[in-house]
Amino acid sequence: MKRRRCVTVAITAVCALTVLAAPAHAAPAPAPTPGAAARQSGKSLEEVRAEIEALYRQAASATDAYNLAEEQAKKQSAEIVKLSRAIVEGQERIDGLKRRAGAAARAQYRNGGIPEEAKLVLTDDPQLFLEGANRLAQGQKATRDLLTELQQGQEDLETYTRDASAEWTRLEANRARQARTKKLITEKIAAAEKLEAQLEAAERERLRRLEQQVQRDAQAAWLASGALKETDRGASAQGREAIRFALAQVGKPYVWGAEGPDAYDCSGLTQRAWGAAGRGIPRTSQEQWRLLPRVAVQDMRPGDLIIYFGDASHVGMYVGDGTMVHAPRPGRHITVAGAGSMPILGVVRPDR
């Protein structure tokens, strides 16, 4: 019965893994309904732009939380698989020990059920007595070792089962957190798309030009600050590989949670680029900022990752000459832009 219970736990965990490992896809955002005039609400085009940008920023922060939860879920899934295998192997080990114990009991029965100690007392041959005493000592030790191993096996199996149950609970909590975050992301993106859809075609084009002008102004101010005075360093060999990969993705769409090959979000692009260069890095921009070695902006070199905004919710890869490649936001495509076109939080170097 216990074996069936343990194996059932293992099978349940593996089945759960199969369900949870399926890729999550965002529900399609509601189709925008073109219509109302640009500033029906009385807002200026600049105010509309700022509101749209704020919504996409909030979606980007939520995307980072979603990506982190997804990465943790993958690790927990792998741990469940590991524990499930340990449960099965532990049960097989216990079954083998029980077979050995049963074989020993049957052997004693075939000998007439007379304990070895009694046989030893009844013999009058000194040589047989000594040999018997040695066999008896060895047998007793083997029995003790077998019982100890069996007990340890049972304890290990119970530990594996408890750990698998705990991992399952954590995985379920993570799945629920992903679902909540996914809903938040789709709501923010839908709200931003709705705002933009309310603009007439000409005003949408003006909005795009306004967005570009804001970025150009930020880039010009950054360059004027002298931030690039010392950034004439060459990329490392791995950095060049990462840049080559990232630039090859230019023109592909931004899709939140995407890691390629047809679409990327901002950190999905940088992770894959550095992975192609043989260097594994964290999945999210916030984890990249938290865990990778930091360098001063004036020490930046091509291949380094530039982390943007105070919450580290965006990342791009510096490619030299004051530019970076990045996946901007939903509705935009991977592009090369000014490295200072957004507020820089700091710079990290994956191959330091």
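Residues are numbered from 1 along each chain as its sequence is written, and side-chain values use heavy atoms, with hydrogens and water left out. Because the model is predicted, local features need pLDDT of at least 70 and side-chain atom pairs count only at pLDDT 80 or more, while totals for chains, interfaces and linings use all residues.

Start with the strands. Helices (H or I, at least four residues) and strands (E, at least two) are DSSP runs, numbered from the N terminus. Strand E3 covers residues 314-320. Six of its seven residues are buried, where buried means under 20% relative accessible area, exposed over 50%, and partly exposed in between (1.4 Å probe, protein chains only). E3 is thus mostly covered.

Two strands pair if DSSP finds at least two bridges between them. Strand E2, residues 305-308, runs antiparallel to E3, and four bridges join them. Ile-307 stands opposite Val-315 in E3. Strand E4, residues 323-326, is also antiparallel to E3, over three bridges. Here Met-317 has Val-325 in E4 as its bridge partner. In a regular strand the side chains alternate between the two faces of the sheet.

Now look at the turns. Most residues other than glycine have a negative phi, and most peptide bonds are trans. Which residue takes a positive phi in the hairpin of E3 and E4? Asp-321 does, near 55°, and this hairpin has two residues between the strands. The hairpin of E2 and E3 has five residues between the strands. Phe-309 lies in that loop. Its phi is near 70°, a positive value in a residue other than glycine. Phe-309 is buried, with a relative accessible area of 11%. Ala-312 sits in the loop between E2 and E3 too. Its phi is positive, about 55°, although it is not a glycine. Ala-312 counts as buried at 4% relative accessibility.

Is Trp-289 buried or exposed? Trp-289 counts as buried, because its relative accessibility is 16%. Contact means heavy atoms within 4.5 Å. Leaving aside neighbours within four places in sequence, Trp-289 is in contact with Arg-294, Ile-307, Ala-312, Leu-345, Gly-346, Val-347 and Val-348. Ile-307 is the residue that stands opposite Val-315. The C-alpha atoms of Trp-289 and Ile-306 are separated by 8.9 Å, with the two residues 17 apart along the chain.

The buried ones are Cys-266, Ser-267, Gly-268, Leu-269, Thr-270, Gln-271, Ala-273 and Trp-274. Just after H7, Gly-278 takes a positive phi of about 90°.

The loop between H6 and H7 holds Pro-261. What kind of peptide bond joins Gly-260 and Pro-261? The bond is cis, with omega about 0°.

End with Ser-236. Its place is in the loop between helix H5 (201-224) and helix H6 (237-248). Ser-236 is buried, with a relative accessible area of 17%. Not counting residues up to four places away in sequence, Ser-236 touches Trp-274, Arg-301 and Asp-351. Trp-274 is one of the buried residues of H7.
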